[in-house]
Amino acid sequence: MSYFYVMCTVLLTVYGQIVIKWQVLEAGALPEATADKVEFLARLMLNPWIVSGLAAALLAAVTWMAAMTKLPLSHAYPFTTLAFVLVILL
């Protein structure tokens, strides 16, 4: 079960990164004016995809804490490099 928590951490992290990057690219460039920046970022924060990516990051933190109760850091941490590989592949 401990490695299941680690894999959940990796998969949730990858999902969050991919979804947030996808939505930020679709939203376009950050505006120059401060008021426009605030509106732009507020729109992003209300985007359901962005919310799901942030929720995935929160769940990844929870599953990481669960993994840390079962495994030494020296065993669990190397698996987090899989996130880099999966992001590149996706």
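In helix α1, residues S2, V6, C8, T9, V10, V14, G16, V19 and Q23 are buried. Buried means under 20% relative accessible area, exposed means over 50%, and partly exposed lies in between (1.4 Å probe, protein chains only). Helices (H or I, at least four residues) and strands (E, at least two) are DSSP runs, numbered from the N terminus. The model is predicted: local features need pLDDT of at least 70, side-chain atom pairs count only at pLDDT 80 or more, and totals for chains, interfaces and linings use all residues. Residues are numbered from 1 along each chain as its sequence is written, and side-chain values use heavy atoms, with hydrogens and water left out.

Cover for the buried residues of α1 includes α2 (34-46), α3 (48-70), α4 and α5. Contact means heavy atoms within 4.5 Å. T9 lies in α1. T9 counts as buried because its relative accessibility is 8%. Apart from neighbours within four places in sequence, T9 contacts A60, T63 and W64.

I20 is also placed in α1. At 25% relative accessibility, I20 counts as partly exposed. I20 touches I50, G53 and L54, with residues up to four places away in sequence not counted. I20 and S52 are 32 residues apart in sequence, yet their C-alpha atoms are 8.8 Å apart in space.

The length of α1 (residues 2-27) was compared with expectation. The expected span of a helix is 1.5 Å times one less than its number of residues. For the 26 residues of α1 this gives 38 Å, and the end C-alpha atoms are 38 Å apart, which agrees. G28 follows α1 and has a positive phi, near 95 degrees.

The chain holds five helices and zero strands. Along the sequence the pattern is α-α-α-α-α. The radius of gyration is 16 Å, well over the 12 Å that the globule rule gives for 90 residues, so the chain is more spread out than a compact globule. This radius is taken over C-alpha atoms, and the globule rule is 2.2 Å times the number of residues to the power 0.38. Along its principal axes, the C-alpha trace spans about 50 × 25 × 20 Å. Of the 90 residues, 24% count as buried. Among contacts between residues at least 6 apart in sequence, 73% join residues at least 24 apart.

The accessible surface of the chain comes to about 6200 Å², and 75% of it belongs to carbon and sulfur atoms. Accessible areas come from the Shrake-Rupley method with a 1.4 Å probe; for residues, only the protein chains shown count as cover. Y3, M7, L11, F79 and L82 make a nonpolar surface patch of about 420 Å². Patches are made of residues with over 30% relative accessible area and no salt bridge; like charges are joined within 9 Å, and nonpolar side chains (Val, Leu, Ile, Met, Phe, Trp, Tyr) within 5 Å. Helix α1 gives the largest share of the nonpolar patch, three residues. F79 sits in the loop between α4 (73-76) and α5 (82-89). F79 counts as partly exposed, at 32% relative accessibility.

The structure holds one salt bridge. A salt bridge is a side-chain nitrogen of Lys or Arg within 4 Å of a carboxyl oxygen of Asp or Glu. The side chains of R43 and E39 form this pair (4.0 Å, N to O). Both residues lie in helix α2, four residues apart, about one turn of the helix. E39 is partly exposed, with a relative accessible area of 48%.
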